[in-house]
Amino acid sequence: MPPKTGKAKGGNTGASRNVEGGKTFQTRSQRSGLQFPVGRIHRYLKQRTQNKVRIGAKAAVYTSAILEYLTAEVLELAGNASKDLRVKRITPRHLQLAIRGDEELDTLVKATIAGGGVLPFIHKSLTASVRGPKKGTEPPPE
């Protein structure tokens with residue numbers, strides 16, 4: 001039986017592979033120092049264009065970097081929210097609190113987050129106690 005080619009189960013976790021000729025193969029994500037897949041995003045960008053417009057290689061790297069930065073930002077804020085509530089797992093509620101708590105992310109993300117709930121807010125007029133006469137004092141004479 002000939003040896004199997006391709007990725008083994010468990011797979012290569014993005015490490016450099018030897019290619020014929022002794023050169024090591026690096027993905028574009030590795031070259032750019034990103035975690036997000038540059039090649040896949042480039043393919044998606046090409047698929048979504050009209051009239052066969054060409055997409056430069058730097059566009060995919062730039063888009064990947066932006067997506068990675070935004071993801072890291074949201075996850076950091078959601079992790080802080082989950083830590084404040086003393087739980088170890090990030091839920092949609094924590095994502096909602098993180099996004100709505102940050103002014104810039106709130107303007108960027110206008111979507112409804114399923115299972116996120118609402119931000120805690122009580123209007124001032126509802127919390128203001130009605131000032132009445134104190135006990136032990138007489139009402140003013142009429």
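Predicted model: local features only at pLDDT ≥ 70, side-chain atom pairs only at ≥ 80, totals over all residues.
Visitor: What are the elements, and in which order do they run?
Guide: There are 6 helices and 2 strands in the protein, and starting at the N terminus the order is β-β-α-α-α-α-α-α.

Visitor: What share of the contacts join residues at least 24 apart?
Guide: If you take the contacts between residues at least 6 apart in sequence, 28% of them join residues that are at least 24 apart.

Visitor: Which residues of α3 are buried?
Guide: The buried ones are A60, S64, E68, V74, A78, G79, A81 and S82.

Visitor: And what covers them?
Guide: The cover over the buried residues of α3 includes α2 (38-47), α4 (92-101) and α5 (103-108).

Visitor: What comes after α3?
Guide: The helix is followed by R86, which sits in the loop between α3 and α4 and has a positive phi near 60° although R86 is a residue other than glycine.

Visitor: Is R86 buried or exposed?
Guide: R86 has a relative accessible area of 76%, and because exposed means over 50%, R86 counts as exposed.

Visitor: Where is K52, and what is its phi?
Guide: K52 lies in the loop between α2 and α3, and its phi is positive at about 55°, even though K52 is not a glycine. With a relative accessible area of 80%, K52 is exposed.

Visitor: Switching to α2, which of its residues are buried?
Guide: In α2 the buried residues are V38, I41 and H42. Viewed down the axis of α2, these buried residues fall within an arc of 105°, so they line one face of the helix.

Visitor: What about S29, then, where is its place?
Guide: S29 belongs to helix α1, residues 28-32, and S29 counts as buried because its relative accessibility is 11%.

Visitor: What lies 2.8 Å from the side chain of S29?
Guide: A polar atom of the S29 side chain lies 2.8 Å from the backbone oxygen of F36. Once neighbours within four places in sequence are set aside, S29 is in contact with L34, F36, P37 and V38.

Visitor: And L34, where does that lie?
Guide: L34 is in the loop between α1 and α2, and at 16% relative accessibility L34 counts as buried.

Visitor: What does L34 touch?
Guide: Not counting residues up to four places away in sequence, L34 touches S29, V61, S64, A65 and E68. The C-alpha atoms of L34 and E68 are separated by 7.6 Å, although these two residues are 34 residues apart along the chain.

Visitor: New topic: how many salt bridges does the structure hold?
Guide: The structure holds 1 salt bridge, which D106 forms with R100, and the closest N and O atoms of the pair are 2.9 Å apart. In general terms, side chains of opposite charge can pair when their charged atoms come close.

Visitor: How accessible are D106 and R100?
Guide: D106 counts as partly exposed at 28% relative accessibility, whereas R100 counts as buried at 18%. The cut-off for buried is under 20% relative accessible area.

Visitor: Which residues of α4 are buried, and what covers them?
Guide: R100 is one of the buried residues of α4, together with H94, Q96, A98 and I99, and what covers the buried residues of α4 includes α3 and α5.

How values were computed: Residues numbered from 1 in each chain as written. Heavy atoms only, no water. Buried < 20%, exposed > 50% of the residue type's maximum accessible area, 1.4 Å probe, protein only. Helix = DSSP H or I, 4+ residues; strand = E, 2+ residues; numbered from the N terminus. Contact = heavy atoms within 4.5 Å. Polar contact = N/O pair within 3.5 Å; in protein donor to acceptor, adjacent residues only side chain to side chain. Salt bridge = Lys/Arg side-chain N within 4 Å of Asp/Glu carboxyl O. Arc of directions from axis to C-beta.
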